Amino acid sequence: MVEYRFAATNSAGKPITGAITADSAREVKQKIKNLAEKNQLQIKSIEKKVTFLYKAKKGNDKPIKGSQKAFSKDEVIDALTRLNYEVISVNKVLLDFNPKPPTLDIVNFVKISAELLDQKLPYGEILTLLINDTQNKTLREALKDINSELKKGTDSQAVFMRYQAVFGKFTSYMLGLASKSGNMTEIYKATAKFLERQQEFKKSLKSALISPFVTVFILMLAVLYYVGYIFPETANLFLRFGITLPPMTAFTLDFSNLLKDNIIIILSVMFIPVISLIYYFRTKAGKMVLDGMLIKMPIVGNLIHKTTIEVFCRVFYTLYSGSAESIEPIRIAAEASGNSYFENKIKSIAIPLMIKKGTGITDAFTQTGVFTDTALSRFHSGEETGTIKNTALQLANYYESETVHKLKNIIELIQVIISMVIMIVMIALTLVSAETATVKPKMPGM
């Protein structure tokens, strides 16, 4: 997120200042432009909030160094002077690049906050402790700004939503909501649980899918290098002496020549579709198609589908407070699911049915086609007995237990399959190489 401050005058000549945050500088400037046109403002200046490094000392004490975000150098000097510091130097950071913190750091922040809240420690003190102990610069600076804004009495939800780029949209929403809910500890615990499950599932999914694909890809490159470069050197040596090649050796040499003669075409066929798909899947429509394909994949898709429902139910349980206020919890839970196809079905089918036609939760969810029969059955039971909130939690815990157990088994099965593939490839290469030992050169005069 970037933050800009603008100074302007209205039609009456009165000076006006304001601050706007957004995901990019272009978006901020467009917002300021729209605001000026709508309210007939004349923009005088636009300043970006950046990081300054300062060095200052108080009396005869040892000079201290630090960093502070501000709109101008004068702001930092003024703040230090008011604290009775003698300013030695203030310099703007030239490369002010703040990448998003690792997910583990975000999980630790939320989890520790939940534990300290459970011990009745004031939230201001919790933020101060975590600011001092947080190693990641981006997260530390975000917590500093949040703490400062909250002390000024700024609305907590508005404050946290400014830092979606740091915490993520769902986490920012939940942390902002927690400060206003009166049940801060419970919401922090639920958010920590959600983030832990999300991180655990992504880690397991990488073990199940990404690692095997990388292994197979590297194996394929090694085989192509052997077949395309190393093996032909030996085989062509036999041909130069007029030696007849054995069947497997001859076939492998022909395949090697085919690869070398058509390498551009082969690489194009291999990589152009992959690059095109990657580019398409990065678009909004492409991501929705990819997410829809993921939950329909054989074996692994079933686990992704159930984990998506688990996350939805866990968030829904945290936010749901009664049938009269079910739309917003459903919308937020759909966004938190992490699957754009699942989210789109909820938003485009279930929610409109509930708002326009007064359809019940179970019937609306049925129409989406993204819930399992088990989930629909449990929601139906909870809706009839008035225990839909607890039913959502029970369903989340059930799917968590099932997916964790099955995913471990799938990872073990995939590892066995990959080992078998590697063994088969190595045996094939060994046989081709060993066959050359059977080559018999022609005797002189024959």
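**Reading patch and core**

Visitor: Which helix gives the most to the nonpolar patch, and with how many residues?

Guide: That's H9, with 7 residues. Bear in mind that this is a predicted model.

Visitor: Who else is in the patch, and how much accessible area do the residues have together?

Guide: About 1,000 Å² together, on the surface. Members include Ile210, Phe217, Leu224, Ile264 and Phe271. Helix H9 (184–240) and helix H11 (263–281) are the elements giving two or more residues.

Visitor: Take Leu221 in helix H9. Is Leu221 buried, partly exposed or exposed?

Guide: Buried means under 20% relative accessible area and exposed over 50%. Leu221 has 40% relative accessibility, so Leu221 counts as partly exposed.

Visitor: And Ile388, buried or exposed?

Guide: Same cut-off to check: under 20% is buried. Ile388 has a relative accessible area of 5%, so Ile388 is buried. Ile388 lies in helix H18 (residues 388–435).

Visitor: What does Ile388 touch, leaving out residues up to four places away in sequence?

Guide: Phe316, Tyr320, Ile361, Phe379, Gly382 and Glu383. Take Ile361: 27 residues from Ile388 in sequence, yet 9.5 Å apart in space, C-alpha to C-alpha.

Visitor: Now the largest nonpolar core. Which residues touch the most other members?

Guide: A core joins buried nonpolar residues through their side chains. Here the largest has 76 residues, and Phe167 and Phe371 touch the most other members. Helix H13 (residues 300–319) gives the most to this core, with 11 residues.

Visitor: What is Phe371 in contact with, beyond its neighbours within four places in sequence?

Guide: Among them are His305, Ile309, Phe312, Phe342 and Phe379. There's also a second, separate core of 11 residues, which includes Tyr226, Phe238, Ile243 and Leu259.

Key
Residues numbered from 1 in each chain as written. Predicted model: local features only at pLDDT ≥ 70, side-chain atom pairs only at ≥ 80, totals over all residues. Heavy atoms only, no water. Core = buried A, V, L, I, M, F, W, Y, C linked by side-chain atoms within 4.5 Å. Buried < 20%, exposed > 50% of the residue type's maximum accessible area, 1.4 Å probe, protein only. Helix = DSSP H or I, 4+ residues; strand = E, 2+ residues; numbered from the N terminus. Contact = heavy atoms within 4.5 Å. Patch = residues over 30% accessible without salt bridge, like charges linked within 9 Å, V, L, I, M, F, W, Y side chains within 5 Å. Areas by Shrake-Rupley, 256 points an atom, 1.4 Å probe, with all protein chains shown as cover. Salt bridge = Lys/Arg side-chain N within 4 Å of Asp/Glu carboxyl O.
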